[in-house]
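I opened the model and kept notes as I went. The entries follow in the order I looked things up.

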Amino acid sequence: TTVRQNAKFKTIPKLKIPNVFLMDVLRPKLDKVLADLRADISVIRTGRATPALVEDIEVEAYGSRQPLKALAAISAPEARQVVIQPWDRSLLPAVEKAIQSSSLGINPIADKDTIRLALPMLTEERKRDLVKLLKEKLEVSRIQVRRARDEAMKAIDAREKAKEISEDERFRQRQDVEKAVGECNKKIEEAGASKEREIMAG
(Lines give C-alpha, C1' and ligand atoms only; values in the text may rest on other atoms or scores of the structure.)
Protein backbone atom coordinates (compact mmCIF):
# COMPACT_ATOMS: atom_id res chain seq x y z
CA THR A 1 0.00 0.00 0.00
CA THR A 2 1.42 3.41 -0.99
CA VAL A 3 1.52 6.01 1.77
CA ARG A 4 1.32 9.57 0.49
CA GLN A 5 4.01 11.77 2.00
CA ASN A 6 6.07 14.85 1.09
CA ALA A 7 7.98 14.49 -2.17
CA LYS A 8 11.32 13.97 -0.45
CA PHE A 9 10.07 10.80 1.27
CA LYS A 10 9.74 7.35 -0.24
CA THR A 11 6.94 4.88 0.43
CA ILE A 12 7.19 3.35 3.92
CA PRO A 13 8.25 -0.30 3.58
CA LYS A 14 5.17 -2.47 3.94
CA LEU A 15 6.62 -4.88 6.48
CA LYS A 16 7.35 -2.07 8.95
CA ILE A 17 3.80 -0.73 9.06
CA PRO A 18 1.89 -3.58 10.78
CA ASN A 19 4.11 -3.68 13.87
CA VAL A 20 3.99 0.09 14.37
CA PHE A 21 0.21 -0.04 14.27
CA LEU A 22 0.09 -3.11 16.50
CA MET A 23 2.29 -1.57 19.21
CA ASP A 24 0.34 1.68 18.96
CA VAL A 25 -2.71 -0.32 19.98
CA LEU A 26 -1.04 -2.61 22.51
CA ARG A 27 0.92 -0.06 24.55
CA PRO A 28 -2.08 2.15 25.41
CA LYS A 29 -3.94 -0.98 26.53
CA LEU A 30 -1.09 -1.96 28.85
CA ASP A 31 -0.70 1.62 30.11
CA LYS A 32 -4.43 1.71 30.95
CA VAL A 33 -4.18 -1.56 32.88
CA LEU A 34 -1.39 -0.04 34.99
CA ALA A 35 -3.16 3.28 35.50
CA ASP A 36 -6.39 1.56 36.53
CA LEU A 37 -4.53 -0.72 38.94
CA ARG A 38 -2.65 2.14 40.60
CA ALA A 39 -5.87 4.12 41.02
CA ASP A 40 -7.66 1.06 42.34
CA ILE A 41 -5.08 0.10 44.97
CA SER A 42 -4.48 3.69 46.06
CA VAL A 43 -7.80 3.62 47.91
CA ILE A 44 -7.00 0.45 49.84
CA ARG A 45 -6.67 1.83 53.32
CA THR A 46 -3.38 1.30 55.08
CA GLY A 47 -2.46 2.54 58.53
CA ARG A 48 -0.81 5.56 56.96
CA ALA A 49 -2.79 8.65 55.97
CA THR A 50 -2.76 9.79 52.35
CA PRO A 51 -5.04 12.10 50.35
CA ALA A 52 -5.59 9.27 47.85
CA LEU A 53 -7.82 7.56 50.42
CA VAL A 54 -10.56 10.15 49.96
CA GLU A 55 -9.84 12.25 46.87
CA ASP A 56 -12.08 10.23 44.55
CA ILE A 57 -15.05 9.91 46.93
CA GLU A 58 -18.05 11.34 45.10
CA VAL A 59 -19.87 14.23 46.76
CA GLU A 60 -23.30 15.64 45.90
CA ALA A 61 -22.50 19.27 45.06
CA TYR A 62 -24.14 21.91 42.91
CA GLY A 63 -26.64 19.46 41.48
CA SER A 64 -24.21 16.73 40.46
CA ARG A 65 -21.79 14.17 41.87
CA GLN A 66 -18.18 15.35 41.88
CA PRO A 67 -14.91 13.87 43.19
CA LEU A 68 -13.85 15.34 46.52
CA LYS A 69 -10.51 16.48 45.08
CA ALA A 70 -12.42 18.89 42.82
CA LEU A 71 -14.13 20.49 45.81
CA ALA A 72 -11.57 20.67 48.59
CA ALA A 73 -7.95 20.88 49.62
CA ILE A 74 -6.86 17.52 51.03
CA SER A 75 -3.74 16.97 53.13
CA ALA A 76 -2.19 14.46 55.52
CA PRO A 77 -0.42 16.60 58.16
CA GLU A 78 0.18 13.59 60.41
CA ALA A 79 0.85 9.92 59.80
CA ARG A 80 -2.67 8.93 60.82
CA GLN A 81 -4.72 12.00 59.99
CA VAL A 82 -6.32 13.34 56.83
CA VAL A 83 -7.59 16.93 56.77
CA ILE A 84 -10.20 18.06 54.24
CA GLN A 85 -10.97 21.75 53.71
CA PRO A 86 -13.80 22.40 51.23
CA TRP A 87 -13.32 25.62 49.28
CA ASP A 88 -17.02 26.29 49.82
CA ARG A 89 -17.94 25.96 53.51
CA SER A 90 -21.56 25.23 52.62
CA LEU A 91 -20.41 21.85 51.27
CA LEU A 92 -19.18 20.62 54.67
CA PRO A 93 -22.35 18.58 55.41
CA ALA A 94 -22.32 17.03 51.93
CA VAL A 95 -18.64 16.08 52.25
CA GLU A 96 -19.22 14.61 55.69
CA LYS A 97 -22.18 12.57 54.43
CA ALA A 98 -20.19 11.28 51.44
CA ILE A 99 -17.36 10.07 53.68
CA GLN A 100 -19.81 8.37 56.05
CA SER A 101 -21.42 6.60 53.09
CA SER A 102 -18.10 5.46 51.62
CA SER A 103 -16.34 2.14 52.23
CA LEU A 104 -13.63 3.79 54.36
CA GLY A 105 -15.26 2.85 57.64
CA ILE A 106 -13.99 6.02 59.34
CA ASN A 107 -16.22 8.54 61.10
CA PRO A 108 -15.39 12.11 59.98
CA ILE A 109 -14.98 14.84 62.58
CA ALA A 110 -16.24 18.29 61.52
CA ASP A 111 -14.18 21.17 62.93
CA LYS A 112 -15.25 24.68 61.87
CA ASP A 113 -14.37 24.82 58.17
CA THR A 114 -12.51 21.50 57.99
CA ILE A 115 -13.15 17.78 58.33
CA ARG A 116 -10.64 15.52 60.01
CA LEU A 117 -10.23 11.78 59.65
CA ALA A 118 -8.27 9.84 62.25
CA LEU A 119 -7.00 6.52 60.95
CA PRO A 120 -6.92 3.73 63.54
CA MET A 121 -4.15 1.14 63.71
CA LEU A 122 -4.80 -1.89 61.53
CA THR A 123 -5.19 -5.23 63.28
CA GLU A 124 -3.21 -8.19 61.96
CA GLU A 125 -6.44 -9.77 60.75
CA ARG A 126 -7.38 -6.60 58.88
CA LYS A 127 -3.92 -6.45 57.30
CA ARG A 128 -4.33 -10.01 56.02
CA ASP A 129 -7.74 -9.14 54.57
CA LEU A 130 -6.31 -6.10 52.80
CA VAL A 131 -3.38 -8.05 51.37
CA LYS A 132 -5.84 -10.64 50.08
CA LEU A 133 -7.88 -7.87 48.43
CA LEU A 134 -4.70 -6.43 46.92
CA LYS A 135 -3.70 -9.78 45.42
CA GLU A 136 -7.16 -10.14 43.87
CA LYS A 137 -6.78 -6.76 42.18
CA LEU A 138 -3.30 -7.68 40.95
CA GLU A 139 -4.63 -10.89 39.44
CA VAL A 140 -7.36 -8.98 37.58
CA SER A 141 -4.63 -6.80 36.05
CA ARG A 142 -2.53 -9.82 35.08
CA ILE A 143 -5.54 -11.35 33.33
CA GLN A 144 -6.11 -8.12 31.40
CA VAL A 145 -2.46 -8.10 30.32
CA ARG A 146 -2.66 -11.74 29.19
CA ARG A 147 -5.78 -10.95 27.18
CA ALA A 148 -4.07 -8.01 25.46
CA ARG A 149 -1.03 -10.20 24.73
CA ASP A 150 -3.15 -12.98 23.24
CA GLU A 151 -4.99 -10.52 20.99
CA ALA A 152 -1.69 -9.10 19.74
CA MET A 153 -0.20 -12.52 19.07
CA LYS A 154 -3.29 -13.63 17.13
CA ALA A 155 -3.10 -10.47 15.02
CA ILE A 156 0.57 -11.15 14.22
CA ASP A 157 -0.11 -14.79 13.28
CA ALA A 158 -3.03 -13.75 11.09
CA ARG A 159 -0.83 -11.26 9.24
CA GLU A 160 1.79 -13.89 8.52
CA LYS A 161 -0.89 -16.32 7.35
CA ALA A 162 -2.25 -13.65 5.01
CA LYS A 163 1.29 -13.14 3.63
CA GLU A 164 1.31 -9.54 4.91
CA ILE A 165 4.53 -10.17 6.85
CA SER A 166 7.37 -12.66 6.59
CA GLU A 167 8.15 -15.39 9.11
CA ASP A 168 11.15 -13.38 10.34
CA GLU A 169 8.98 -10.29 10.79
CA ARG A 170 6.41 -12.38 12.68
CA PHE A 171 9.16 -13.56 15.04
CA ARG A 172 10.38 -9.99 15.60
CA GLN A 173 6.92 -8.65 16.26
CA ARG A 174 6.16 -11.42 18.75
CA GLN A 175 9.40 -10.53 20.55
CA ASP A 176 8.30 -6.88 20.72
CA VAL A 177 4.98 -7.92 22.24
CA GLU A 178 6.64 -10.18 24.81
CA LYS A 179 9.00 -7.37 25.80
CA ALA A 180 6.16 -4.86 26.30
CA VAL A 181 4.11 -7.39 28.25
CA GLY A 182 7.08 -8.34 30.42
CA GLU A 183 7.72 -4.69 31.30
CA CYS A 184 4.06 -4.20 32.18
CA ASN A 185 3.95 -7.31 34.38
CA LYS A 186 7.08 -6.14 36.17
CA LYS A 187 5.44 -2.80 36.97
CA ILE A 188 2.34 -4.62 38.24
CA GLU A 189 4.47 -6.69 40.61
CA GLU A 190 6.36 -3.60 41.80
CA ALA A 191 3.12 -1.71 42.49
CA GLY A 192 1.74 -4.69 44.40
CA ALA A 193 4.88 -5.19 46.47
CA SER A 194 5.00 -1.49 47.38
CA LYS A 195 1.34 -1.47 48.46
CA GLU A 196 1.75 -4.66 50.48
CA ARG A 197 4.65 -3.09 52.37
CA GLU A 198 2.42 -0.09 53.15
CA ILE A 199 -0.33 -2.35 54.44
CA MET A 200 1.93 -4.45 56.64
CA ALA A 201 3.61 -1.34 58.04
CA GLY A 202 0.22 0.00 59.13
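**Entry 1: salt bridges**

How many salt bridges does the rule count? I took a salt bridge as a side-chain nitrogen of Lys or Arg within 4 Å of a carboxyl oxygen of Asp or Glu. The count comes to 20.

Before going on, I noted the ground rules. This is a predicted model, in which local features need pLDDT of at least 70 and side-chain atom pairs count only at pLDDT 80 or more, while totals for chains, interfaces and linings use all residues. Residues are numbered from 1 along each chain as its sequence is written, and side-chain values use heavy atoms, with hydrogens and water left out.

Helices (H or I, at least four residues) and strands (E, at least two) are DSSP runs, numbered from the N terminus. Buried means under 20% relative accessible area, exposed means over 50%, and partly exposed is in between (1.4 Å probe, protein chains only).

**Entry 2: individual pairs**

I looked up Lys135 first. Lys135 forms a salt bridge with Glu196, and the closest N and O atoms are 3.5 Å apart. The pair links distant parts of the chain: Lys135 sits in helix H3 (residues 124-161) and Glu196 in helix H4 (residues 167-201), 61 residues apart. Lys135 is partly exposed at 44% relative accessible area. Glu196 is partly exposed too, at 29%.

Next came Arg170. Its salt-bridge partner is Glu160, with 3.1 Å between the closest N and O atoms. Arg170 lies in H4 and Glu160 in H3, so this pair ties together parts 10 residues apart in sequence. Arg170 is partly exposed, with a relative accessible area of 23%. For Glu160 I also read 23%, partly exposed.

Then I checked Arg146. Arg146 pairs with Glu139 in a salt bridge, the closest N and O atoms lying 3.4 Å apart. Arg146 is partly exposed at 43%, and Glu139 is partly exposed at 31%. Which residues are linked with these two in a network of salt bridges? The network holds Glu139, Arg142, Arg146 and Glu189.

**Entry 3: nonpolar cores**

I turned to the cores. A nonpolar core is a set of buried Ala, Val, Leu, Ile, Met, Phe, Trp, Tyr and Cys residues joined through side-chain atoms within 4.5 Å. The largest one has 27 residues, and those with the most contacts inside it are Leu26, Leu30, Val145, Val177 and Ile188. Helix H1 (17-42), H3 and H4 are the elements that give two or more residues to this core. H3 supplies the largest share, nine residues.

I followed Val145. Contact here means heavy atoms within 4.5 Å. Not counting residues up to four places away in sequence, Val145 touches Leu30, Val33, Val181, Cys184, Asn185 and Ile188. There is also a second, separate core of 21 residues, which includes Ile57, Leu91, Ile106 and Leu117.

Leaving aside neighbours within four places in sequence, Ser141 is in contact with Val33, Leu37 and Ile188.

**Entry 4: hairpin and positive phi**

I moved to the strands. Two strands pair if DSSP finds at least two bridges between them. Strand E1 (residues 58-61) and strand E2 (residues 64-67) run antiparallel and are joined by four bridges. The bridge partner of Val59 in E2 is Gln66. E1 and E2 form a hairpin with two residues between them.

Tyr62, in the turn, has a positive phi of about 55 degrees. Tyr62 is exposed at 57% relative accessibility.

Where does Lys112 lie? Lys112 is in the loop between strand E5 (109-111) and strand E6 (114-118). Lys112 has a positive phi of about 55 degrees although it is not a glycine. I read its relative accessible area as 71%, so Lys112 is exposed.

**Entry 5: Ser101**

Ser101 is exposed at 61% relative accessibility. A polar atom of the Ser101 side chain lies 2.9 Å from the backbone oxygen of Lys97. Ser101 and Glu58 are 43 residues apart in sequence, yet 9.9 Å apart in space, C-alpha to C-alpha.

Conventions:
Polar contact = N/O pair within 3.5 Å; in protein donor to acceptor, adjacent residues only side chain to side chain.
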